[in-house]
Amino acid sequence: MEKKKNGNLKFLIALFVVIVIMTVAAFVTDGEDVTETAWSLVPPLIAITLALVTKEVYSSLFIGIISGALLYTGFNFEGTVNHTFKDGVIAVLSDSYNVGILVFLVILGAMVQLMNKAGGSAAFGEWASKHIKTRVGAQLATIVLGVLIFIDDYFNCLTVGSVMRPVTDKHQVSRAKLAYLIDATAAPVCIIAPISSWAAAVSGFVKGENGLKLFISSIPYNYYAILTIIMMVSLTIFKADFGPMAKHERNAIKGDIYTTPDRPFENFAPEKPNTRGKVIDLVIPIISLIVCCIIGMIYTGGFFDGGVSFIDAFANSDASVGLVYGSFFALVITVVLYLIRNVLSFKDCMDCVPEGFKAMVPAILILTFAWSLKAMTDSLGAKEFVAGLISDSAGDFMNFLPAIIFLIACFLSFATGTSWGTFGILIPIVVDAFNGQDRSLMIIAISACMAGAVCGDHCSPISDTTIMASAGAQCNHVNHVSTQLPYALVAAIASALTFLAAGFIRTAWISLIIGIAIMAVCIFVIKTLSDRKKIEFREDISGEEE
């Protein structure tokens, strides 16, 4: 009861602060046009701050949307309502790309339900329990699977989560740690994989260049992605968790994998696993998903029309439509497989479709609000405001530009919750800023743009990938954000310093060594401090026992 009162008090205080901010905004702007100014970044900052303070994401996002509409319409009531729903929620749900992503999520949810009901997940968990003996092993297996599923970050989050949850739960890995491992092998892996929906998206933003070739050239300089993977593996092996994550992991070892009172999906798993299920009932659907999604993406890129290479088809693909096609045919293959193997009846298979939809409702709701918030920031000219900042700094700080772009991309992606939107804004600006003068520095700057976009996306509670990671791990979303943020910030600081060095050195491997050295020092310090806290924790426990 006391916790509920404190939560209500926090929400009321936060809401009061928001009202004060918007009142000040109304007084300062006095109905003037605030587009393409710093005010355009206020709505996402309000939503993010509210989510972190109140631990409640739905109302926080909606308040952010309302504040954006108020600023856009000059605090006109009728205009605010119209802009919130007509230009916001309804508009984003009318966008074919967004609808495609939602359909993909529903189909993926149905497939997860099918694999659980058929006993494939349980069979894999039983197999894994014989081969994975430790908590470290369970976490490393999650990382390896996340790296192998590089085709798309949504696909990665939900698939890795559904497969590895039973394994990590058995070895008492907290849901927050599982969500971090999923998130850290989603976007960071996709952004350095030449064959992925991310590579296709980036290639489409580069005009007048071979986009995919430029993307491949930038991979060695994508320091945030590389350092995040190194950090994730190092923290797992050396057991050097810190910050809020350390508390979650300590509680998990004692048997509480959730830590907070909000325990989403605690009883989600089927009570009686299907004993007829085998590991192939999990492996074949996942392989089908990967293969069918690749085929679906190159199909949308015109590969089967003739005259288009595989690489060009992938670069020109429509990821949303391709993923829907691929997931649909994978679903059909999965149903046929289970019917042939007689592990599920046709009625059981069809019952999994609405169940999968229901499991995805929280993620769909958060995504809808996050997209609507992005629509508000777009209407306020956040893109143009940030673009102007970069253009103004391009001339005099050329060698510092990669680090500057990285930080700006971090902030923009964090505030808007979209990495694709961020490098869609910044990459054309970077290309124009160099105008063919210094190609090597342009590649580093493009890498910094992509790395910063992924970093901000990794930190932001309104990012679709962050939301999907929470859904995949079936973890409280705010828990995932608050535990992951310190880890992402350490990798961000190391990456910013590495990009600063790269702007002068211009050699990928030398700069990477510097970045790894910085990361090693950070992990060593963190490990030392965490060991000291563990000793103090044990001494406190032993003292209480005496």
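Analyst: The questions below set values against definitions, one term at a time. This is a predicted model, in which local features need pLDDT of at least 70 and side-chain atom pairs count only at pLDDT 80 or more, while totals for chains, interfaces and linings use all residues. Residues are numbered from 1 along each chain as its sequence is written, and side-chain values use heavy atoms, with hydrogens and water left out.

User: How many helices and strands does the protein chain have, and how are they defined?

Analyst: Helices are DSSP runs of H or I with at least four residues, strands are runs of E with at least two, and both are numbered from the N terminus. By that definition the protein chain has 25 helices and zero strands.

User: What share of contacts between residues at least 6 apart in sequence join residues at least 24 apart?

Analyst: The share is 79% in the protein chain.

User: What makes a set of residues a nonpolar core, and which residues of the largest one touch the most other members?

Analyst: A nonpolar core is a set of buried Ala, Val, Leu, Ile, Met, Phe, Trp, Tyr and Cys residues joined through side-chain atoms within 4.5 Å. The largest such core has 144 residues, and those touching the most other members are Leu105, Ile191, Tyr224, Met231, Phe406, Phe423 and Met468. Helix α22 (residues 439-459) gives the most to this core, with 14 residues. Another core lies apart from it and has 11 residues, including Ala14, Met22, Val34 and Ile63.

User: Why is the pair of Asp169 and Arg175 called a salt bridge?

Analyst: Side chains of opposite charge can pair when their charged atoms come close. A salt bridge requires a side-chain nitrogen of Lys or Arg within 4 Å of a carboxyl oxygen of Asp or Glu. The N to O distance between Asp169 and Arg175 is 2.7 Å, so the pair meets the definition. Asp169, at 24% relative accessibility, is partly exposed, whereas Arg175, at 5%, is buried. The count of salt bridges comes to six.

User: How do you know that Asp281 and Arg341 form a salt bridge, and where do they lie?

Analyst: Their closest N and O atoms are 2.8 Å apart, so the distance is within the 4 Å limit. This pair links distant parts of the chain, for Asp281 is in helix α15 and Arg341 in helix α17, 60 residues apart. At 0% relative accessibility Asp281 is buried, while Arg341, at 25%, is partly exposed.

User: What separates Lys358 and Glu355 along helix α18?

Analyst: Lys358 and Glu355 are three residues apart in helix α18 (residues 346-379), which means a separation of about one helical turn. Their side chains meet in a salt bridge with an N to O distance of 3.0 Å. Lys358 is exposed because its relative accessible area is 52%, and Glu355 is partly exposed at 36%.

User: What makes a nonpolar patch, and which element gives the most to the one found here?

Analyst: Patches are made of residues with over 30% relative accessible area and no salt bridge; like charges are joined within 9 Å, and nonpolar side chains (Val, Leu, Ile, Met, Phe, Trp, Tyr) within 5 Å. The nonpolar patch on this surface includes Val283, Ile295, Phe304 and Phe329, and its residues together have about 1,100 Å² of accessible area. The elements giving two or more residues are α15 (280-300) and α17 (319-341). Helix α17 gives the most, with six residues. Val283, in helix α15, has 35% relative accessibility and so counts as partly exposed.

How values were computed:
Accessible areas come from the Shrake-Rupley method with a 1.4 Å probe; for residues, only the protein chains shown count as cover. Buried means under 20% relative accessible area, exposed over 50%, partly exposed in between (1.4 Å probe, protein chains only). Contact means heavy atoms within 4.5 Å.
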